[in-house]
Amino acid sequence: MATGTAVAPRPAQRLSRVLQPTVVVYLALVLLLVAGSILVGVRGGVLLDQGGILNILTRSTALGLVAIGQTMVILTGKLDLSVAYLIGLCSLIGAETMAGDPGMIVPAVLLTLACAAGVGLVNGLVITKLKVNAFIATLGTALIIRGYLESAYSGPAGEVPRAFQHLGYARIGPIPVSALLMVALAALAWWYLMRTKGGYHVYAVGGDEEVARFSGIRTDRTIIKVHVLCAVAAGLAGLFLASRLGSGAPWVGVDAGYDLESIAAVVLGGTLLAGGRGGVAGTIGGVLILATLDTIFDDLGVTPFFKDVVRGAVLIVAVALYARRRGALR
Amino acid sequence: MVVTGLTDEAPVVRMRGIGKQFLGNAVLRDVDLDLHPGEVHALVGENGAGKSTLMKILAGVHRPDSGSVELGGSEATFGSPREAQAAGISIVHQEFNLLGDRTVAENVYLGREPVRRGQVDRRRMEADTAELLDGLGERGISPRTPVRRLAVAQRQVVEIVKALSTDARVLAMDEPTAALADHEVELLYGLVKRLRQRGIAILYVSHRLREVFDLSQRITVLKDGEPVTSTATAELTPDQLVRHMVGRPLDALFPDRAAESETGAVRLAVRGGGNARLAGIDLELRAGEIVGLAGLQGAGRSAVARAICGVDPFATGTLELEGRPVTIGSPRSAIRHGIAFVTEDRKGEGLALRQSVRDNALLVRRAAFGRARGLGALDLAALLRSVTLVARGPGQEVRYLSGGNQQKVVLAKWLAVEPRVLVVDEPTRGIDVGAKKAVYDLLRGLARGGVAILMISSELPELIGMSDRVLVMHEGRLAGELPAGPSEEAVMTLATGHTTVEAA
Amino acid sequence: MKRACTVVLAAGALILSACSSDLPADPGAAPSQAPGETTGTSEFFDQAEYERQLALRDATPEGPADRPWEQALEPELVDTAQYRKDGPHQICFSNASVDNPWRQVGYKTMQAEADLHDEIAEFRVLDAEAKDDKQISDIASLTSQGCDALIVSPNTTATLTPAVESACDSGIPVIVFDRGVNTDCPVTFIHPIGGYAFGATAAEFLSEQVGEGGKVLGLRVLPGVDVLEHRWAAAEREFADSGVQVVGAEFTENDSATAKSIVSDYLQREGQIDGIWMDDGTAAVAVLEAFEDAGMEPPAISGEDQQQFLQKWKDEGLTALAPTYPTYQWRTPVIAALKILRGEQVPKEWILPQPVIDDSNLDRYLTAGMPPLHYGLCGCQEMPGFPQRWQ
Amino acid sequence: MTETLPATGKTRRIRLADGTGPVLAVLAVLLVALAFAGPAYSEPAGYLALLKRAAPLMILAIGQYFVIVSGGFDLSVGSLVTAEVVIAARLIDGDEGATVWVIPLLLATGALVGLVNGLITTRLLVPSFIVTLGMLLVLDGAVFLWTGGSPRGALSEAFRVVGREGFEVPLLGAVPWSVLLLAALVVAAVVFMRGGTGRTLVAIGDNETSVLLGGGRVERLRTLAFVLSGVSAAIAAILLGGFAGVSAQVGDGLEFRVITAVVLGGVVLGGGRGSVVAAMAGALTLEALFSLLNLLGVAGGLESAVQGVIIIAAVAYASVGRIPFRTRRST
């Protein structure tokens with residue numbers, strides 16, 4: 001069945017080794033920035049001026065936060081559809097607990113993240129202990145949160161103190177502090193996934209749950225852990241949005257479609273939907289691509305409908321390319 | 001039963017009176033087994049004799065219902081493979097337990113990654129893996145290579161390194177050569193010898209007599225879950241061993257061969273067939289005969305079957321059916337030309353396990369022929385009776401059937417399309433003797449009915465007992481043809497390309 | 001090594017010096033009306049505003065009678081000389097979204113208005129796609145791009161307030177329309193009379209039609225949108241005052257099928273419904289069909305100025321009324337922006353008249369051949385490109 | 001396992017397919033509850049109205065069932081429904097005569113979208129979740145790009161007949177055309193699933209390789225599943241458009257609702273298990289539940305919460321609750 005010769009890397013293979021999805025994503029991002037700059041330039045604008053950079057980064061922050069969490073979940077071969085509603089819920093918990101009082105910032109943040117972690121824990125437990133498919137489990141949780149939001153809120157509520165709003169608005173040159181925090185979180189997630197035992201187990205569970213279990217990994221724990229981390233990331237996104245908006249808003253996550261959009265960003269970043277392969281670095285690239293596309297289209301004055309068409313097409317084409325490359329490797 | 005040890009050292013593992021039942025069927029009864037440091041202990045027996053179960057009990061996958069396991073002189077019961085591992089017992093599985101997207105080092109230390117200051121100590125992990133690989137003389141594998149990029153034999157090495165990395169004192173190897181090509185087996189020999197020198201006790205499960213005699217110092221034979229003998233290898237001849245394993249004259253199992261008059265015209269002929277794995281394949285199948293296809297694992301037996309049946313078609317050469325050249329580029333076209341293919345992997349390739357007996361039996365008919373075009377009416381009940389299927393009814397899901405009955409369903413689904421050529425790859429793997437006999441009778445009956453059958457089997461006695469002719473493969477080519485009833489030695493001579501064969 | 005350190009330090013210093021915040025200055029004593037947290041409609045009810053709107057319905061507008069989008073009710077003019085600037089101008093617009101037909105018609109009208117004026121060299125639009133966060137970025141980005149005037153149609157009142165404040169701080173004139181913001185920093189805030197007037201007018205009509213004890217079903221779009229909440233709050237009061245029985249208030253999310261199902265359910269449950277009050281007429285036709293399909297006479301109904309509703313009204317002689325939230329208000333911000341840039345006075349709060357369509361003026365607002373969800377009060381009938389541009 | 005096979009297949013009992021039992025039980029309870037909660041449900045007309053309302057979702061459930069049982073997802077159906085209604089309105093534009101060619105065109109459009117989904121999934125090896133998510137975005141944008149933001153034109157009366165009107169039947173009263181169409185589709189779906197192609201489709205969801213080696217055209221069949229899903233969305237769009245006229249929101253959220261319905265019917269995500277009748281029963285159950293909650297005057301918020309709890313419970317019951325059952329059977 002197999003040829004026993006040690007495989008000498010063929011040129012195509014060597015090339016593919018260089019062209020890891022992550023590298024491809026960032027190459028695509030650079031190409032997009034260049035093409036975008038030209039297109040915008042033709043119309044007499046500048047894509048990457050201070051405002052443009054600020055725009056791309058600000059836009060990337062909330063989606064980036066959610067997508068970091070989503071990456072971990074997808075790496076285990078699951079997915080989380082509850083993040084969009086959870087973001088809204090967390091923005092409300094944060095803003096209402098703060099109620100304009102700077103002294104309440106820390107308790108509010110802690111409370112919000114604890115609530116988020118609780119939701120993630122429920123997701124994880126339902127998936128592992130009740131053996132419910134992740135799609136259904138998190139869709140169910142999403143509906144339950146939605147039900148609560150619908151019955152308890154009719155609009156924005158709570159108020160964050162000005163001190164907390166700096167989180168959303170402060171910047172260093174053209175770089176928003178929040179984007180830096182997002183990148184820091186991404187780096188932390190990267191470190192966790194690439195350097196720690198827990199991260200190794202995330203990849204193992206996604207690669208093959210049976211093999212992981214056989215190797216003594218407590219797969220249930222890993223799955224619960226990533227769901228908790230994902231929910232906490234969504235909680236952070238909720239807090240960030242609360243600081244941007246000045247209050248909590250129940251539909252802020254849903255209106256932006258952060259559930260499907262975060263999955264799109266993760267997959268665009270080269271992570272396999274089936275799990276086991278990919279990473280946070282690619283995801284951030286995916287998020288930046290989406291944000292850059294948005295910004296370019298804004299600068300070009302394209303209608304939102306056209307944006308949707310392009311987003312959909314980009315998503316399909318990108319994943320088709322990854323699938324081809326992967327197929328060629330085998 | 002237990003003979004005195006060859007070495008004076010106390011056994012590192014003593015298993016006494018082990019019994020195990022699954023769903024009320026006793027698969028092991030009162031088995032004793034000793035493993036000594038630096039010794040390879042071969043465990044042989046037919047499929048279903050209980051070898052794997054005994055090994056899994058040793059490795060903590062299953063708990064014995066009765067009996068005791070002693071490790072280093074003290075009673076040990078393992079609740080999980082992890083506990084067994086911690087105690088120094090590792091298992092090398094027949095199927096790979098590796099993650100393709102992770103590196104060699106990551107796989108070796110999966111679940112036991114060394115941690116230093118909160119993070120995985122990659123350097124140490126890779127260094128240790130490299131050291132283990134070095135120790136086994138495997139310098140061709142880098143600890144940083146993703147397993148996906150390794151050849152099968154290299155993956156086997158990784159499995160072994162993974163098992164060793166726990167400082168194993170006892171290593172259980174389950175058919176470690178199953179996936180290896182011939183020359184790769186030689187590498188494994190060297191590996192096993194080095195392991196012995198380190199004083200590791202090895203339980204070696206294999207059905208290949210040659211390996212058993214080459215490698216082991218002691219042999220335990222299991223039959224139907226009971227120990228038949230446990231003897232020093234030197235005291236046994238291959239003939240004796242076979243008799244121990246089979247326990248009765250093999251011949252009784254096999255139906256009579258085809259008489260000269262029963263073989264008809266050439267039904268299928270391949271001339272100069274070749275593809276990535278095969279070269280220069282010339283063969284003919286006549287109506288009414290069973291042709292055995294022998295060869296070591298990896299010699300290309302399955303590749304021939306897959307080529308004829310359109311799964312991995314021939315790229316060169318011609319294929320003729322009843323004298324007419326045909327092109328077969330897919331399983332569908334093969335089936336529509338009357339060629340059926342019973343694959344070796346019953347669960348992975350043969351059955352839709354969660355579907356009913358009926359749906360599985362009709363699967364090929366429906367999938368390949370749509371509205372049963374060109375096929376006569378089908379009496380499902382009669383078909384299922386003809387394969388002597390025992391099931392609750394046609395609505396029962398096949399995953400609840402025993403292996404033998406599952407195989408009968410596979411045969412039924414192919415018989416439902418009335419094939420003229422039947423290719424069977426390991427048709428009796430993992431099924432009990434009774435079911436084997438039923439399969440043998442069925443195949444012979446089909447041949448009598450005029451079907452041309454090409455049969456692949458790793459179990460030489462079976463192949464020899466069933467075949468009207470035996471074709472032998474070696475490294476992707478046909479090495480020769482033997483008439484009915486050849487000796488195993490003759491087959492092995494051709495299969496190995498050597499002139500002497502130790503195993504009967 | 002040393003050099004690297006120096007570089008890092010220098011870079012660090014540079015970064016620190018570049019630290020800044022886009023956070024708008026503390027409004028301090030600004031009447032920051034903290035949004036409530038309780039459910040229900042009471043939080044949205046403001047007695048004084050309610051009374052003011054009811055009174056405004058009868059006020060006489062100032063301005064050209066044939067161009068209601070240039071009219072203003074009880075204007076309190078402010079001086080804009082400080083914004084005076086020579087053209088050509090770049091006018092910027094941060095739109096909340098174009099995700100419903102009302103906004104579509106309005107947006108097209110606004111673009112047509114912008115095309116009318118040669119002084120407008122560029123009309124830059126960013127669409128927030130209904131995302132508050134994106135609109136905040138959009139406003140910031142427009143503010144930094146050399147716009148001469150900024151028009152904002154906020155997605156959410158409370159959450160967009162800080163962004164609008166910071167746009168005001170940048171010194172360019174800001175014009176807000178449709179939904180408001182909780183700050184008076186914009187030069188002008190353009191809106192029709194408002195939700196209370198809308199809701200009350202419809203409710204008064206229905207109360208009159210169904211009489212005391214008559215059964216009315218309220219069909220609403222979404223909770224939480226202040227304009228819509230005001231409509232219902234006013235209607236609830238009116239119904240309570242006139243003894244009309246409100247059998248229910250349901251949310252349709254503007255989906256005709258949902259609306260029709262809800263009405264069918266109510267017809268089953270209640271047996272009969274005398275009046276339908278709607279805060280948005282999109283689903284009005286489907287609602288009437290629910291009555292038809294149940295074999296009942298159409299009820300008295302308050303809808304809006306959508307083409308298909310007006311058409312059905314005319315064809316079937318319905319007992320109907322359409323208080324409007326006119327789309328022509330999308331013209332006004334462009335006009336206002338140019339006025340401001342010319343240094344002309346504009347009303348601080350530019351309240352547009354809110355015509356009511358009844359049997360008497362139905363024909364005036366119904367143009368044959370328009371799409372089903374076209375709005376009769378687009379004020380676009382005289383504009384170049386009508387009707388193709390709106391079809 | 002001592003019993004041998006019955007002699008013929010003719011004597012087989014009517015056997016409920018796996019997972020059908022629970023959903024039918026829940027459905028029965030809901031229907032009885034409806035009878036108590038609303039006077040309208042004391043006679044056939046009430047239930048016919050319920051069926052009429054549930055028909056689009058049930059038809060979508062048939063299409064989604066094909067995709068799910070063969071191991072995929074179709075997230076594009078919601079936006080496809082919206083797109084179809086908007087396309088119909090623009091093309092018909094109130095012209096009765098246009099109905100005749102627009103309806104086939106809509107069905108063809110649905111089939112085409114399904115074909116594209118299927119081909120990308122099977123040929124380019126993109127997971128169907130991603131393909132149909134991308135398609136959702138593309139359709140959402142493209143249709144409004146085409147009509148300039150909001151629906152244009154109008155549907156003809158003839159177009160709306162199926163979704164809106166009915167015919168008189170003695171004893172039952174007015175039977176909606178949509179119920180008749182639904183009944184026809186149910187029969188067609190059941191016949192299809194009992195036939196060779198249908199069974200092979202399920203086998204693909206269970207073990208793709210076995211079907212491939214058995215001579216099945218796996219790619220073609222999986223594509224067929226997507227095509228059928230697309231066509232079902234077109235039919236649902238005709239019913240929904242007929243029921244309530246043009247709307248830009250008509251398909252919002254349908255994709256998740258229909259997946260919920262199918263899962264509620266005991267169909268396993270990942271494929272290979274579940275019956276089409278159960279999938280439809282799941283859709284009807286969901287609609288009956290909404291009607292009941294509505295009749296009881298339960299607020300909208302609770303409605304989605306109840307939906308969430310129910311799908312988790314249904315799947316948890318199916319996967320955990322079945323385990324002891326399974327062991328008993330395998331002895």
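Here are legends for a few close-up views of this predicted model.

In it, local features need pLDDT of at least 70 and side-chain atom pairs count only at pLDDT 80 or more, while totals for chains, interfaces and linings use all residues. Residues are numbered from 1 along each chain as its sequence is written, and chains are lettered from A and ligands numbered from 1 in the order in which they are written.

**View 1. Where chain D meets chain A.** Of the five pairs of chains in contact, chains A and D share the most contacts. (Two residues are in contact if their C-beta atoms, placed from the backbone, lie within 7 Å.) Here 38 residues of chain D touch 38 residues of chain A. On the chain D side, α13(D) gives the most, with 15 residues. That side splits into 28 nonpolar, eight polar and two charged residues. (Ala, Val, Leu, Ile, Met, Phe, Trp, Tyr, Cys and Pro count as nonpolar; Asp, Glu, Lys and Arg as charged; the others, Gly among them, as polar.)

**View 2. Where chain D meets chain C.** Now 26 residues of chain D are in contact with 22 residues of chain C. Helices α2 (44–69), α10 and α12 (276–295) of chain D each give two or more residues to this side. (Helices are DSSP runs of H or I, at least four residues, and strands are runs of E, at least two, numbered from the N terminus.) By class, the chain D side has 11 nonpolar, 11 polar and four charged residues.

**View 3. Two helices crossing in chain A.** The axes of α4(A) (residues 83–98) and α13(A) (residues 258–268) come within 7 Å and cross at roughly 120°. (Axes are lines fitted to C-alpha atoms, for helices over the stretch in contact, with angles from 0 to 180 degrees between N-to-C directions.) The pair is therefore oblique, the word for whatever isn't under 35 degrees (roughly parallel), over 145 (roughly antiparallel) or 65 to 115 (roughly perpendicular). Val83(A), Ala84(A) and Ile87(A) of α4(A) meet Tyr258(A), Asp259(A) and Ser262(A) of α13(A).

View 4. Over residues 27–41 of chain C, the pLDDT is below 50.

Note on methods:
pLDDT is the predictor's confidence in each residue, from 0 to 100.
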